[in-house]
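Here are my notes on the structure you sent. They are numbered so that you can check each one against the display.

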Amino acid sequence: MFPFLFDKICLLFTIKVMKILLSELENRENKSEKINFSHIYKEFNNDVPVVAELFIEILSNMVKITGQINAQVNLICDLCLKEFTKNLNIKVEEYFIRDNLNINNNSEFEIKENNFVEDLNGSDEIDITDFVYQSVILNIPNKLVCDINCNGNENLNKYIKKEISDPRLEIFKTIKTEKE
Ligand SMILES: [Zn+2]
């Protein structure tokens, strides 16, 4: 009975923290909230939830989110075309603009060039589920290799070798012999 009840409470808690209402956050004394987020994204890995520890704070006309995201992502290796799992440990520090007009008058903090800044366009809420999703996507490397020692795909290697040894090299051979 108790585990069942506990599950229900966790479920309610998760739903509650998926979206952050900024007006509600602003009414608090510390204008901030610590979030322990856990969510299974079908796009990444069906078994392991993405876990995030985030700190959201309102800084006058901006919202700052800092924290850590840990994700396990199933990817396809570029070389051998097999599926592999990659662990991503992502440190986030991002800003959301609430009021674009007053941004230059704000001297409370400094935005570095590499900080990600997104305009909320007057919206009162931040979708944490989407925020975590985007953060994971942005941290997936361009080149996907399952292992340093990956030897690639046998059939793919044969194809590549054939391509190289076929038409172009033949042309070079004939040019050479003509010169000689
Ligand atoms: Zn591979």
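1. The strands themselves are DSSP runs of E, at least two residues long, numbered from the N terminus. With those terms, β3 and β4 form a hairpin with two residues between the strands, and Ser60 in this hairpin takes a positive phi near 40 degrees.

2. Please keep in mind that this is a predicted model. The mean pLDDT of the protein chain is 80, and 69% of its residues reach 70 or more. Over residues 12–17 the pLDDT is below 50, and this stretch has four contacts in the model beyond near neighbours in sequence. Where pLDDT is low, the predicted coordinates should not be read in detail.

3. The overall layout is as follows. The protein chain has five helices and seven strands. Read from the N terminus, the order of the elements is α-β-α-β-β-β-β-β-β-α-α-α. Of the contacts with a separation of 6 or more, 62% are between residues 24 or more positions apart. Buried residues make up 11% of the 180 residues in the chain.

4. Next, the strand pairing. Strand β2, residues 32–39, pairs with β3 in the antiparallel sense over eight bridges. In this pair, Lys34 stands opposite Phe55 of β3. β3 in turn pairs with β4, again in the antiparallel sense, over nine bridges, and here Ala52 stands opposite Ile69 of β4. β4 and β5 also run antiparallel, joined by 15 bridges. Val73 has Lys86 in β5 as its bridge partner.

5. Ser60 is in the loop between β3 and β4, and its phi is positive, about 40 degrees, although Ser60 is not a glycine. Is Ser60 exposed, partly exposed or buried? Ser60 counts as partly exposed because it has 15 C-beta neighbours inside 10 Å. Leu81 is in the loop between β4 and β5; these strands form a hairpin with six residues between them. Leu81 is not a glycine either, and has a positive phi of about 65 degrees. With 12 other C-beta atoms within 10 Å, Leu81 is exposed.

6. On to the core. Which residues have the most contacts inside the largest nonpolar core? They are Val50, Ile69, Ala71, Val132 and Val136, in a core of 17 residues. β3 (50–59), β4 (62–76) and α3 (128–138) each supply at least two residues of this core. The largest share, six residues, comes from β4. In soluble globular proteins, nonpolar side chains tend to be buried together.

7. Leaving aside neighbours within four places in sequence, Ile69 is in contact with Val50, Ala52, Ile90, Val92, Val132, Ser135 and Val136.

8. Helix α3 has two sides to compare. Its buried residues are Ile128, Phe131, Val132, Ser135 and Val136. An α-helix has 3.6 residues a turn, so residues three or four places apart point the same way. On the other side of α3, Asp130 and Leu138 are exposed.

9. Tyr133 also lies in α3. A residue is buried if 20 or more other C-beta atoms lie within 10 Å of its own. Tyr133 has 18 within that distance, so Tyr133 is partly exposed. Tyr133 and Phe44 are 89 residues apart in sequence, while their C-alpha atoms are 9.2 Å apart in space.

10. Last, Asn87, which is found in strand β5, residues 83–97. Asn87 counts as exposed because it has 9 C-beta neighbours inside 10 Å. How far apart are the C-alpha atoms of Asn87 and Val73? The separation is 6.4 Å, for two residues 14 positions apart along the chain.

Technical notes
Residues numbered from 1 in each chain as written. Core = buried A, V, L, I, M, F, W, Y, C linked by C-beta atoms within 7 Å. Helix = DSSP H or I, 4+ residues; strand = E, 2+ residues; numbered from the N terminus. Contact = placed C-beta atoms within 7 Å. Pairing = 2+ DSSP bridges. pLDDT = per-residue confidence, 0-100.
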